[in-house]
Amino acid sequence: MKKLLRDLLRSSWFQRAVGSLAAAFLRMVWRTSRFSFDPPDVYDIVEPQMPAIFAFWHGQHFMTAFVKTKESQRVKVLISRHRDGEYNAIAAERLGIGTIRGSGDHGSAFHRKGGVGAFKEMVRALEQGYNVALTADVPKRSRIAGLGIIMLARESGRPIMPFAMVTSRYWRLKNWDRTTINLPFSRGALVGGEIIMVPPNADAEKMEELRARLEATLNEATVRAYAQVGRPDGVPDG
């Protein structure tokens, strides 16, 4: 029985079906919810600085595909090669977002999980005018920003745009990153944080300073976003 279930979860037709259903569900959430933007002119601020690196926390990723509002805004998102990543990748592609497969982990598993190739592909995508979206934290260290995204900004010379995107109605899973499944007919908020630039000559001390600043900015944006939808209790536990 376990083998049958494992084979089902790994089958391409099942993954495509689940990914397509997820994309359709997220479209419904977007279309039936009313989103506010903070600051109100966030797109006027961000668009002149594209291509950019869009950063958000693990577990708060489902609505991020809708940050893209124009066909001219080309976006690729980093998604892991894990089986669960297949569902996310298919859903993202159905929503018009390109994918880069690999790990954001710049620790001991960086080479094994395809991190080097993914890093190079993200740099190339930014050079080609794509925005790149990825989580700032790495498994399994929820809401602790890793150095990978700081390294990407230093290598590419592109700004990091931190943001939180939440809804007032949701289910929260009891997994390591407290994944939030957004629900239809919600109040929603997209809150942008402080834009972070990483100098090309940034040393280890400077990169750690900017890593900590990114972490604080994302936490602040998350608190503000949940407050704006009337759910200050929605901020995930540490």
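Colleague: Is tryptophan 30 buried, partly exposed or exposed, and what is its relative accessible area?
Modeller: Keep in mind that this is a predicted model. Buried would need under 20% and exposed over 50%. Tryptophan 30 falls in between, so the class is partly exposed, with a relative accessible area of 25%.

Colleague: How many aromatic pairs are there, and how do the rings of tryptophan 30 and phenylalanine 66 pair?
Modeller: The whole structure was searched, and the count is 7 aromatic pairs. For tryptophan 30 and phenylalanine 66, the ring centres are 5.1 Å apart. Their planes meet at 5°, and under 30 degrees counts as stacked. So the pair is stacked.

Colleague: Which parts does that pair tie together, and how far apart are they in sequence?
Modeller: Tryptophan 30 belongs to helix H2, residues 12-32. Phenylalanine 66 sits in the loop between strand S2 (53-56) and strand S3 (75-79). The pair therefore joins parts separated in sequence by 36 residues.

Colleague: Is phenylalanine 66 buried or exposed?
Modeller: The cut-off for buried is under 20%. Phenylalanine 66 has 11% relative accessibility, so it counts as buried.

Colleague: What kind of pair do phenylalanine 37 and tyrosine 43 form?
Modeller: Their ring centres lie 6.0 Å apart. Phenylalanine 37 is partly exposed at 31%, while tyrosine 43 is buried at 18%. The planes are at 70°, so the pair is edge-to-face.

Colleague: Which ring has the charged end of arginine 74 over it, and at what distance from its centre?
Modeller: The ring is that of tyrosine 130. Lysine 76 also lies over the face of tyrosine 130, at 4.6 Å from the ring centre. For arginine 74, the value is 4.1 Å.

Key:
Residues are numbered from 1 along each chain as its sequence is written. This is a predicted model: local features need pLDDT of at least 70, side-chain atom pairs count only at pLDDT 80 or more; totals for chains, interfaces and linings use all residues. Side-chain values use heavy atoms; hydrogens and water are left out. Rings of Phe, Tyr and Trp (its six-membered ring) pair if their centres lie within 6.5 Å; planes under 30 degrees apart count as stacked, over 60 as edge-to-face and the rest as tilted. Helices (H or I, at least four residues) and strands (E, at least two) are DSSP runs, numbered from the N terminus. Buried means under 20% relative accessible area, exposed over 50%, partly exposed in between (1.4 Å probe, protein chains only). A charge sits over a ring if NZ of Lys or CZ of Arg is within 6 Å of the ring centre and within 35 degrees of the ring normal.
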